[in-house]
Amino acid sequence: MRQIYSHYIVSRADYFYGCRHDISRFDRNKIWIPVGEDMDGLCDRHVVCSESTILKCLNIIEPVLEHPEKYTLNPEVMYLERINEQNLTIERFPRMMFLVKTEEDGTRWSP
């Protein structure tokens with residue numbers, strides 16, 4: 001297989017980036033997740049993976065559907081459980097992405 005990309009970024013489509021997302025120094029044997037929004041688990045909104053880790057990063061839901069009794073229902077906790085089950089090494093980087101909302105926009109967890 002010919003390697004086309006050094007890294008893959010799986011992220012929310014509605015993030016704005018306050019600066020360049022420089023992944024050139026990210027170790028390709030680890031997965032990279034921004035600091036924050038872990039909600040007692042691991043942020044599931046943005047991950048940087050390499051060719052060797054991308055399938056494991058994306059293989060989250062199938063085992064949960066097969067054995068739901070083994071997992072916590074909180075998505076961030078479930079994500080951390082699955083990442084740990086697959087023995088992936090996590091590194092963190094400073095968050096430079098953000099979301100924008102108007103005063104009228106609501107969320108289910110924040111006024």
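A residue is called buried if its relative accessible area is under 20%, exposed if that area is over 50%, and partly exposed in between. The exercises below apply this to a predicted model.

**Exercise 1.** Classify the geometry of the aromatic pair formed by Y15 and Y17, and decide how accessible each of the two residues is.

*Solution.* The count of aromatic pairs in the model comes to five. In the pair of Y15 and Y17, the ring centres are 6.4 Å apart and the planes stand at 75°. Planes over 60 degrees apart count as edge-to-face, so this pair is edge-to-face. Y15 has a relative accessible area of 8% and is therefore buried, whereas Y17, at 35%, is partly exposed. Y15 also has R12 lying over the face of its ring, at 5.7 Å from the ring centre.

**Exercise 2.** Describe the pair of F26 and F93, and say which parts of the chain the pair links.

*Solution.* The ring centres of F26 and F93 lie 5.3 Å apart with the planes at 45°, so the pair is tilted. F26 sits in the loop between β2 (16-17) and β3 (31-34), while F93 belongs to strand β5 (residues 90-93), so that the pair links distant parts of the chain, 67 residues apart. Both F26 and F93 are buried, and together with W32 they form one aromatic cluster.

**Exercise 3.** Find the accessibility class of F16 and the surface patch to which F16 belongs.

*Solution.* F16, which is found in strand β2, has a relative accessibility of 46% and therefore counts as partly exposed. With F98 and V100, F16 forms a nonpolar patch on the surface, and the accessible area of these residues together is about 310 Å².

Note on methods
Residues numbered from 1 in each chain as written. Predicted model: local features only at pLDDT ≥ 70, side-chain atom pairs only at ≥ 80, totals over all residues. Heavy atoms only, no water. Phe/Tyr/Trp six-rings, centres within 6.5 Å; stacked < 30°, edge-to-face > 60°. Buried < 20%, exposed > 50% of the residue type's maximum accessible area, 1.4 Å probe, protein only. Helix = DSSP H or I, 4+ residues; strand = E, 2+ residues; numbered from the N terminus. Lys NZ or Arg CZ within 6 Å of the ring centre and 35° of its normal. Patch = residues over 30% accessible without salt bridge, like charges linked within 9 Å, V, L, I, M, F, W, Y side chains within 5 Å. Areas by Shrake-Rupley, 256 points an atom, 1.4 Å probe, with all protein chains shown as cover. Salt bridge = Lys/Arg side-chain N within 4 Å of Asp/Glu carboxyl O.
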